[in-house]
Amino acid sequence: MNRRSFIQKSALTFGALTMAQQKILSALFTKGSTAAPPPWMFHMMTDKVGVFTERGGTIAFLLDDKGLVVVDSQFPDTAPHLISELKKKTDKPIKYLINTHHHGDHTAGNIAFKGLVKHVVAHENSKKNQKRVAKNNKNLDKQLLPDRTYSEDWQAYVGDESIAMHYFGPAHTDGDSFIHFENTNIVHTGDLMFNRRHPFVDRSAGANIKNWIKVLHKATKRFDSNTTYIFGHAAEGYNIVGKADDLKKFSDYLEAVLRFTEGEIRAGKTKEGFLKTTSFPGQGEWKGDGIVRPLTAAWDELMAK
Ligand SMILES: [Zn+2]
Ligand SMILES: [Zn+2]
């Protein structure tokens, strides 16, 4: 394995490269007098399905002789990097741009696909959320909204590949899809999976932790033990791809969040005191920044009952 492919393989373990990591990579290559690698990672997982990471949620794509499919779009300044990499591989048209959900780190880059993509597809609630948030932020003109939506399941064929979307109910938001490349058996989970990283739980867009646990169980039942999953985000040093066991561990973590929070409420803790928590039993490998995000959401969810 040469150094470039080693570094690119290692880069797969980062949700996105930090500026510091990019500098280190560039320095390594400058010293070795090889051209510096770009600040993004474009990696083929099979001969047809690959991933792209730079900043924001992981992007997946399908390259087929009959056309391309892209899942999520990051930001307006990173999406063109993906598009240029895709163009190096093929001149086939992009048939579908699919959004896993509405958050800006997954859809703000849609606009870079304007005029390049036939259809933008998302769950109906994802479209509603994207529109609502854009109206509030007064940047509706900077969005490329889905022109196709669905409520429970959606399916399309591109060449030999069958692409299915599934909605299992509110979780990270109220509009999260699993996107299944059925023949290659690879599923993009969007932000339904935060691998070893404390999740963002968007209650303003209908998120629900209790149901999120059910959604993850439904996924492992629906897909099989050979399924490979692509995660929206991973903690530094952890992989953006994984297996059903990773989904199980994340659902165990979410259960632990609710169990701990319920106990603290019963014990008469104030919200302020509770939010000073730095660790809780059952959090497993979910460590580092951002513990306050799931704790706040769990507290509000349980108190809203
Ligand atoms: Zn995200
Ligand atoms: Zn998200």
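Trainee: What spacing do the donors of the zinc ion (ligand 1) follow along the chain?
Mentor: This is a predicted model. In it, D105, H106, D191 and H233 coordinate the zinc ion (ligand 1), at 2.1 to 2.2 Å. Along the chain, these donors follow the spacing D-H-x84-D-x41-H.

Trainee: How many residues apart in sequence are the parts that D191 and H233 tie together?
Mentor: Place each residue in its element. D191 sits in the loop between β11 (186–188) and β12 (194–195). H233 belongs to strand β14 (residues 233–234). So the pair ties together parts whose separation in sequence is 42 residues.

Trainee: Are D191 and H233 buried or exposed?
Mentor: Each of them is a donor to the zinc ion (ligand 1), D191 through OD and H233 through NE2. As for accessibility, both D191 and H233 are buried.

Trainee: What is the arrangement of the 4 donor atoms around the zinc ion (ligand 1)?
Mentor: Look at the angles they subtend. These run from 88 to 164 degrees. A tetrahedral site needs all angles between 85 and 135 degrees. The angles around the zinc ion (ligand 1) therefore make the arrangement irregular.

Trainee: How far apart do the zinc ion (ligand 1) and the zinc ion (ligand 2) lie?
Mentor: D191 connects the two sites. It bridges the zinc ion (ligand 1) and the zinc ion (ligand 2). The distance between these ions is 3.5 Å.

Trainee: Which strands stand at the edges of the open sheet of 7 strands?
Mentor: Start with the order, β1-β2-β3-β4-β5-β6-β7, with mixed pairing. An edge strand has a single partner, so one of its sides is left without a neighbour in the sheet. That holds for β1 (41–44) and β7 (148–150).

Trainee: How many of the residues of strand β2 are buried?
Mentor: Take the faces in turn. V49, V51 and T53 are buried on one side, and G50 and F52 on the other. Strand β2 (residues 49–53) is therefore largely enclosed by the rest of the structure. The count is 5 of the 5 residues.

Trainee: Which residue in β3 does V51 stand opposite?
Mentor: β2 has hairpins to follow. With β1 it forms one with 4 residues between the strands, and H43 stands opposite V51 there. With β3 it forms another, with 5 residues between the strands. In strand β3 (residues 59–64), the residue opposite V51 is A60.

Trainee: Which residue in the turn between β2 and β3 has a positive phi?
Mentor: β2 and β3 pair in the antiparallel sense over 4 bridges. The phi in question is about 90 degrees. The residue is G56.

Trainee: Which residue stands opposite F178 in the pairing of β9 and β10?
Mentor: Strand β9 (residues 161–166) and strand β10 (residues 178–181) pair in the antiparallel sense over 4 bridges. F178 touches residues including A164, V187 and V215. Opposite F178 in β10 stands H166.

Trainee: What percentage of the residues in the chain are buried?
Mentor: The chain holds 9 helices and 15 strands. It has 305 residues. The buried ones make up 53%.

Technical notes
Residues are numbered from 1 along each chain as its sequence is written. Chains are lettered from A and ligands numbered from 1 in the order in which they are written. This is a predicted model: local features need pLDDT of at least 70, side-chain atom pairs count only at pLDDT 80 or more; totals for chains, interfaces and linings use all residues. Side-chain values use heavy atoms; hydrogens and water are left out. Donors are N, O and S atoms within 2.8 Å of the metal (3.2 Å for Na, K and Ca); water is not among the atoms, so sites may look incomplete. Four donors count as tetrahedral if all angles lie between 85 and 135 degrees; four count as square planar and six as octahedral if opposite donors are over 155 degrees apart and all others between 65 and 115; anything else is irregular. Helices (H or I, at least four residues) and strands (E, at least two) are DSSP runs, numbered from the N terminus. Buried means under 20% relative accessible area, exposed over 50%, partly exposed in between (1.4 Å probe, protein chains only). Two strands pair if DSSP finds at least two bridges between them. Contact means heavy atoms within 4.5 Å. Lists of a residue's contacts leave out its neighbours within four places in sequence.
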